[in-house]
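These are my notebook entries on a structure that I examined. I record what I looked up, entry by entry.

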Amino acid sequence: LVLCPALPSSTARAGGVFVPIINSLDPRTHTYLTAAQLQGSNNNSNILLTASAQNFLCLKLALDCGIQGLTNPFNQWLLAAVGPCLV
């Protein structure tokens, strides 16, 4: 969750930060952490507007469809996404 705003690509977070760290661990831990990263990456990418490149596309599509009232899209995105992601 800490890296999400800085690296807006789950592939960059996994390949550039996570994989080099877990490659130095034993195979059982490597397998477990890879599965945990895969499952957690989706939620983390959706919680913050800047955590995933496609989130900006979704915001643009919403604005193009005429959805009004997005005065502070970052805060509104966070409030709308945190509930489903925590479930």
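Entry 1. I looked up where the buried residues of α3 pack, and they pack against α2 and α4. I took contact to mean heavy atoms within 4.5 Å. Helices (H or I, at least four residues) and strands (E, at least two) are DSSP runs, numbered from the N terminus. The model is predicted: local features need pLDDT of at least 70, side-chain atom pairs count only at pLDDT 80 or more, and totals for chains, interfaces and linings use all residues. Residues are numbered from 1 along each chain as its sequence is written, and side-chain values use heavy atoms, with hydrogens and water left out.

Entry 2. Which residues of α3 are buried? I found N55, L59 and A62. They cover an arc of only 60° around the axis, which puts them on the same side of α3; the arc is that of the directions from the helix axis to the C-beta atoms. An α-helix has 3.6 residues a turn, so residues three or four places apart point the same way. On the other side of α3, I noted A53, L57 and D64 as exposed. Here buried means under 20% relative accessible area, exposed over 50%, and partly exposed in between (1.4 Å probe, protein chains only).

Entry 3. I checked the length of helix α3 (residues 53-64). Its 12 residues should span 16 Å at 1.5 Å a residue, and its end C-alpha atoms are 18 Å apart, which agrees. The expected span is 1.5 Å times one less than the number of residues. After α3 comes G66, whose phi is positive, near 95°.

Entry 4. How do the axes of α2 and α4 cross? I read that helix α2 (residues 27-47) and helix α4 (residues 73-86) have axes that come within 8 Å and cross at roughly 160°. The two helices are therefore roughly antiparallel to each other. Axes are lines fitted to C-alpha atoms, for helices over the stretch in contact, and angles run from 0 to 180 degrees between N-to-C directions. Angles under 35 degrees count as roughly parallel, over 145 as roughly antiparallel, 65 to 115 as roughly perpendicular and the rest as oblique.

Entry 5. I listed the residues that make the contact of α2 with α4: N43, N46 and I47 belong to α2, and W77, L78, A81 and C85 belong to α4. Five of these residues are nonpolar, two are polar and none is charged. Ala, Val, Leu, Ile, Met, Phe, Trp, Tyr, Cys and Pro count as nonpolar, Asp, Glu, Lys and Arg as charged, and the others, Gly among them, as polar.

Entry 6. I then turned to C85, which lies in helix α4. C85 is buried, with a relative accessible area of 11%. Leaving aside residues up to four places away in sequence, C85 touches N43, N46 and I47. C85 and S45 are 40 residues apart in sequence, yet 9.5 Å apart in space, C-alpha to C-alpha.

Entry 7. In helix α1 (residues 10-22), I found R13, A14 and I22 to be buried. These buried residues of α1 pack against α2.

Entry 8. Finally, I looked at the chain as a whole. Its secondary structure comes to four helices and zero strands. Buried residues make up 20% of its 87 residues.
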